[in-house]
Amino acid sequence: MQNAWTPTSPSRVIHANNLEVLPGLPDGAFTLIYLDPPFNTGRSQKRQSTTSVRSVAVDGSHAAGTITGFKGQRYERIKGDLLGYDDQFEDYWAFLEPRLIEAWRLLADDGTLYLHLDYREAHYAKVLLDALFGRECFLNELIWAYDYGAKSKNKWPTKHDTILVYVKNPARYYFDSTTVDREPYMAPGLVTPEKVAKGKLPTDVWWHTIVSPTGKEKTGYPTQKPVGILRRIIQASSREGDWVLDFFAGSGTTGAVANALGRRFVLIDQNPEALAVMRVRFELVAGIDFSDLTEERPENDAVGSQPSLRKRASQQKLPQSIAGTARPN
Ligand SMILES: C[S@@+](CC[C@H](N)C(=O)[O-])C[C@H]1O[C@@H](n2cnc3c(N)ncnc32)[C@H](O)[C@@H]1O
């Protein structure tokens, strides 16, 4: 990777296909990795994703040959059984697998992966991740429930996403729920006034609105996730000064929250529109490196080439809690 990044570098936003950048990042550098990949990536992604796959031996080290996964034959067998049922998911997993293997390598020994999935993908992914990371490394299945938009009349309207949480080392992972924003009790009459005042610790079901189409938080990026969801994740699974990685960065929510909470970050996205939004989002944050590692696009081209997005983005005024302030690196 050009502009090689190390943990002594400033926070960075990279315009690139993530699979071309990840192998150049150092082992164990990140305490937290949050991933919100596109759903149903389909066949077009399959070819590009398999070309630069590196193989991983049973002990997690990279070796020549085919992928065997961290758990070797067992993973391959489960994958073979499971993917046979669903062609579309097979393509999706072919796209995700090499990236998840890199994510595992990049996690620090006390690190945690949050993988944000659609309800259609979550169950296959859970089985495969159990086999890939090890079932003992599974920490939580978080349900993010919201209530917005059209509701189906012929089935229960699906209004949730699933976030699977895996740790690198179940004996060493970092988790501190005491720093997490608390929420109101559902039945405040049943607990003491002191408890009501303090609020309750969130469980594994998170009720949270989507990013409001008319709210202050909106960047204009269609798949933007709420700051409130990322705040919980980053508060619980990283410390101030730790490195956070999001290589499906989109509008940069992970970086914005990481910065506001005093963490450092690396964000990667291949879409010029995402880069345009992130440039505006981080405009007031000093000391962030922007690198363009796509061959065809010169640096600074992303915003300029999208006039409507530039206008929309520059009209937004992000509160300090979202955009954050400059942090020393
Ligand atoms: C669901 S969006 C992420 C939204 C983000 N969590 C937010 O809050 O804005 C997924 C992102 O992954 C990016 N993406 C898809 N494939 C990629 C790849 N191979 N390399 C880098 N980025 C990719 C897309 O451009 C898109 O911005």
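## Strand β7, covered on both faces

In this predicted model, strand β7 (243-246) has buried residues on both of its faces: Trp243 and Leu245 lie on one side, while Val244 and Asp246 lie on the other. Its neighbours in the sheet can be followed residue by residue. On the side of β2 (30-35), the two strands pair in the parallel sense over two bridges, and Ile33 has Leu245 of β7 as its bridge partner.

Strand β8 (residues 264-269) also runs parallel to β7, and four bridges join the two strands. Along this pairing, Val244 has Phe265 as its bridge partner in β8, Leu245 has Val266, and Asp246 has Leu267.

How many of the residues of β8 are buried? The strand is mostly covered, with six of its six residues buried. Arg264, Val266 and Ile268 point one way from the strand, whereas Phe265, Leu267 and Asp269 point the other way, and every one of these residues is buried. The buried set thus includes residues with charged side chains, such as Arg264 and Asp269.

Strand β1 (residues 12-15) pairs with β8 as well, in the parallel sense and over four bridges. In this pairing, the bridge partner of Val13 is Leu267, a residue of β8 that is also the partner of Asp246.

## The helix between β7 and β8

Together, β7, α8 and β8 make a right-handed β-α-β unit. The helix of this unit, α8 (253-260), has eight of its eight residues buried, so it is largely enclosed by the rest of the structure. The buried residues are Thr253, Thr254, Gly255, Ala256, Val257, Ala258, Asn259 and Ala260. After α8 comes Gly262, which has a positive phi near 80 degrees.

Helix α9 (residues 272-281) is mostly covered too, with eight of its 10 residues buried. These are Ala274, Leu275, Ala276, Val277, Met278, Arg279, Val280 and Arg281.

## The whole sheet

The strands described above belong to an open sheet of nine strands, whose order is β6-β4-β5-β3-β2-β7-β8-β1-β9 and whose pairing is mixed. The edge strands are β6 and β9 (289-292), each of which pairs on one side only. From one strand to the next, the twist averages 15 degrees.

Helix α5 (residues 119-133) packs on this sheet, where it touches β3, β4 and β5 (160-167), and the direction of α5 makes about 5 degrees with that of β5. Helix α7 packs on the sheet as well, touching β2, β3, β4, β6 and β7, but the direction of α7 makes about 155 degrees with that of β2. The buried residues of α7 (residues 227-237) are Ile229, Leu230, Arg232, Ile233, Ile234, Ala236 and Ser237, and the elements they pack against include α8 besides strands of the sheet.

## Around the ligand

Which residues are closest to the ligand? Of the 19 residues that surround the ligand, the closest are Phe248, Gly250, Ser251, Thr253 and Asn271. The elements that give two or more residues to this shell are α1 (18-21) and β8. One of the closest residues, Thr253, is also among the buried residues of α8.

Sorted by class, the shell has seven nonpolar, nine polar and three charged residues.

## The chain as a whole

The protein chain contains 12 helices and nine strands. Of its 329 residues, 38% count as buried. Among the contacts in the chain with a separation of 6 or more, 72% are between residues 24 or more positions apart.

Terms used. Residues numbered from 1 in each chain as written. Predicted model: local features only at pLDDT ≥ 70, side-chain atom pairs only at ≥ 80, totals over all residues. Buried ≥ 20, exposed ≤ 12 C-beta atoms within 10 Å, placed from the backbone. Contact = placed C-beta atoms within 7 Å. Pairing = 2+ DSSP bridges. Axes fitted to C-alpha atoms, helices over the stretch in contact; angles between N-to-C directions. Near = placed C-beta within 6 Å. Right-handed = clockwise from strand over helix to strand, strands pointing away.
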